[in-house]
Amino acid sequence: MNSGSDTSPTHSATQGAALVIFTVLCWGSLPLVLKVLVSEIDPVTITWYRFSGAALIIALVSGRGGIDQLKVAFRESSRPLLLIAGTGLTANYVFFMGGLRFLTPGVAQIVMQLSPLFVVIGGVFLFNEPFLKHQWLGVGLLAIGCALFFNQQYAQVHDLDSDFILGAGLLVLAAASWSGYLLAQKKLLQTLSSRTLMLICYLTGIVVLGLDADHRRIQILTTETLLVLLLSIAITVTSYLAFATALRHIQASKAGLAIANIPLVTIVGSTLLAPYIDRLPEENLNTVSIIGAILVVTGSAIGTVGATTSHPQPPPE
């Protein structure tokens with residue numbers, strides 16, 4: 001009896017690769033969309049609406065089974081970890097967009113490459129995971145790459161009130177918050193599905209940010225800006241679902257290597273689109289910065305290969 005070609009290993013791998021590429025393009029373009037939004041809407045309000053839209057869509061996709069899993073999740077003794085994961089993801093979203101107010105999308109993505117390093121370090125101290133030799137190489141390349149990438153910002157380092165220092169500081173907090181979410185997720189995924197966990201995190205963010213969200217600001221948005229907000233919600237959900245599906249067809253390590261290239265997608269996209277979008281600033285990178293970006297991506301990829309803390313997950317945005 002012939003088995004359908006659609007279930008063959010080759011087809012499965014091709015489908016997984018296509019979904020990962022789609023995810024990388026989505027996550028690489030998302031900071032461009034958020035940069036446009038954050039020029040008109042504050043980070044808290046943007047996050048609340050992104051979480052609300054994403055939670056609604058995931059709840060609809062999950063159906064009755066998803067609601068039943070929520071009931072089970074809240075009966076478990078994992079409530080403290082759920083709180084850490086939910087607040088960590090919420091803080092990541094808010095801090096990331098706060099940093100975007102001061103920096104270009106490409107620069108923001110490079111700073112966020114600290115998050116895999118934070119996760120690996122957390123795994124070493126919290127879960128006694130080994131820090132492998134090649135990961136030291138990854139850390140070294142990451143450090144050298146950052147030093148080269150930010151060569152044009154050295155003059156601002158001594159000014160504590162500069163946009164660069166403020167933006168970079170918020171993004172470091174975003175990376176740390178993402179790491180807390182991911183480390184809590186490691187334990188939670190032993191008893192919960194990734195979809196249920198994401199839904200709980202979104203609901204947590206909705207509650208935490210509800211009182212501070214400026215709903216009146218949304219009511220006076222132009223049609224164009226409202227469409228951009230809806231686009232950010234669509235990218236958030238579709239990319240997450242695509243990546244979750246991809247991990248069923250492709251090894252997590254290979255997906256992780258592809259995801260490491262997200263900053264390059266952001267930089268290329270920003271360079272190509274900035275001349276045509278008023279609220280999207282140009283990256284203005286020199287040759288040294290470009291070499292630094294490549295080293296950062298390479299170091300991030302090498303540093304995370306072999307790490308057992310978790311499967312690659314949606315990036316902090």
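How many helices and how many strands make up the secondary structure of this chain? There are 14 helices and 0 strands, where helices (H or I, at least four residues) and strands (E, at least two) are DSSP runs numbered from the N terminus. Along the sequence, the pattern reads α-α-α-α-α-α-α-α-α-α-α-α-α-α.

A word on the source. This is a predicted model, in which local features need pLDDT of at least 70 and side-chain atom pairs count only at pLDDT 80 or more, while totals for chains, interfaces and linings use all residues. Residues are numbered from 1 along each chain as its sequence is written, and side-chain values use heavy atoms, with hydrogens and water left out.

Now the chain as a whole. Of its 317 residues, 48% count as buried; buried means under 20% relative accessible area, exposed over 50%, and partly exposed in between (1.4 Å probe, protein chains only). Taking contacts (heavy atoms within 4.5 Å) between residues at least 6 apart in sequence, 88% join residues at least 24 apart.

Next, the cysteines. The count of disulfides, meaning pairs of cysteine sulfur atoms within 2.5 Å, is 0. Cys201 counts as buried because its relative accessibility is 0%. Cys146 also counts as buried, because its value is 18%.

Last, Leu273. Leu273 lies in helix 13, residues 262-273, and counts as partly exposed because its relative accessibility is 38%.
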